[in-house]
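Let me put the thing on the screen and then walk you through it.

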Amino acid sequence: MIALFTLALTGLAAAADVGAPAPDFTLTATDGSSVHLADLKGKVVVLEWFNPDCPFVKNVHDAGGALTTLPAAWTSKGVVWLGINSSAAGKQGNGQERNAKARTDWNLGYPILLDESGAVGKAYGAKTTPHMFVIDPVGNLQYAGALDNAPLGKVDGGGAVVSHADLAVGAVVGGKAVPTASTASYGCSVKY
Amino acid sequence: MSGIAPLVTAVLVTTTVESTPHLAVVYTIEPGWHIYWENPGDSGMPTVAEFSRGELPPSSAPQADSRGLVGPAKYPGPDKFVGAGDIVNYGWENQATLLFALTDHAFSGTIHTETRWLACREDGCVPGSASLSLVLPSAPVVVDTSRLPSPLAGVETPTSLTFQLPDVTEVFLDTALSAVASKTIISGGTVRVELRAARPPGAKLVAKSGGKYYQVPEVP
């Protein structure tokens, strides 16, 4: 075994650590309501990084997509599901109007929070849309990574679809350790 | 987004690399856009191509026999793109060629490939795919092999190193990436990195685990 040492690499954004407290935030949703993460203690919270004009996001929300049924399946069991859009002003997918329309078009039953400054996205280390985070009832981050192993609905090299996010939510809801707590996310880059 | 002209066009040809027959998929990319390397980095999607014998695409022909037809993809070394929010990606602009050794030298008839890519620039991405056929034997075409890992023989017998670190999600080289391709096999906290060519001087291996970055010290 080769010894490892921590290295301060310049230029690498700090990211939220799995197992550590999830960075707190207050953000405004497309309907004008406000969401404060700390107020959701006691509940399992799922964060879905969102951009309605990214093909990967479209793929999971269009008819038959992986996120057409999964959020409602969990929110009906008391899980809080939040979309967060960190597109900067003038960048793809930005703005209250565009995201309100996406909620209507895709019949989303959960809020889309606007993080135009990108501060929340950077605090979590959100790199892609989608990029998924699961927070336990204590407020600790328990999963960070990909929605599943099937970018644009195709498993690279074939094989079965594994929904990492679904497995993580199920484990946290059941009070169990998340089997794979961290995966490499895929998708469009977040438009900071 | 561009209107009529496709952002990326893909062409299937045969070529000769180091005296051995290869299939090549040549991607021509609209200026300002890029497609992705085997490891796309923080976002994006690897460019992939799957081969089968015959006219039908592999997805609609589960019986299609691709065994022993071609070797694994040989990806040219990528460029590094750093976008807003320090999002790092690896891929190519303008043109890229994926090479596959034709392992069934005796094959004659139609060969088919399904290829998929994601074309992106700073303001957006467009997924693409192509369904290509070629009748073999076919006259070899000269393609750009200047960015392939060298020597190519190293692809078959990679040097490797092993270390232990839980929850590693990514391993990459922090410099001179264009000269070396690496791959990881992760199980139970053990990571094996396979180097397809000699690491360039000064190149450091970096592993990402639980949101932190670790340097893997140089090993003999």
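So, to start: how many residues lie between β8(B) and β9(B) in their hairpin? Two. Helices and strands here are DSSP runs, H or I of at least four residues for helices and E of at least two for strands, numbered from the N terminus.

Quick housekeeping. This is a predicted model, so local features need pLDDT of at least 70 and side-chain atom pairs count only at 80 or more, while totals for chains, interfaces and linings use all residues. Residues are numbered from 1 along each chain as written, chains are lettered from A and ligands numbered from 1 in written order, and side-chain values use heavy atoms, with hydrogens and water left out.

β8 of chain B (109-121) and β9 of chain B (124-136) run antiparallel, joined by 13 bridges; strands pair if DSSP finds at least two bridges between them.

Now the rings. Over all chains, the search turns up eleven aromatic pairs, where Phe, Tyr and Trp (six-membered ring) count with centres within 6.5 Å, and planes under 30 degrees apart are stacked, over 60 edge-to-face, the rest tilted. B:Y27 and B:W117 have centres 5.9 Å apart and planes at 75°, so they're edge-to-face. B:Y27 sits in β2 (20-29) of chain B and B:W117 in β8 of chain B, so the pair ties together parts 90 residues apart in sequence. Both are buried, meaning under 20% relative accessible area, with exposed being over 50% and partly exposed in between (1.4 Å probe, protein chains only). Then B:Y75 and B:W92: centres 6.3 Å apart, planes at 10°, so stacked. B:Y75 is buried at 9%, and B:W92 is buried at 1%.

Over to chain A. Its mean pLDDT, the predictor's confidence per residue from 0 to 100, is 90, and 91% of its residues reach 70 or more. Residues 1-13 of chain A stay under 50, though.

There's an open seven-stranded sheet with mixed pairing, in the order β3-β2-β6-β5-β4-β8-β9 of chain A. The edges are β3 (34-36) and β9 (141-145) of chain A. Inside it, β4 (45-49) and β5 (80-85) of chain A run parallel, with five bridges, and A:L47 is opposite A:L82.

Last one: A:F25, A:W49, A:Y124 and A:F133 are linked into a cluster by ring pairs.

Terms used: Contact means heavy atoms within 4.5 Å.
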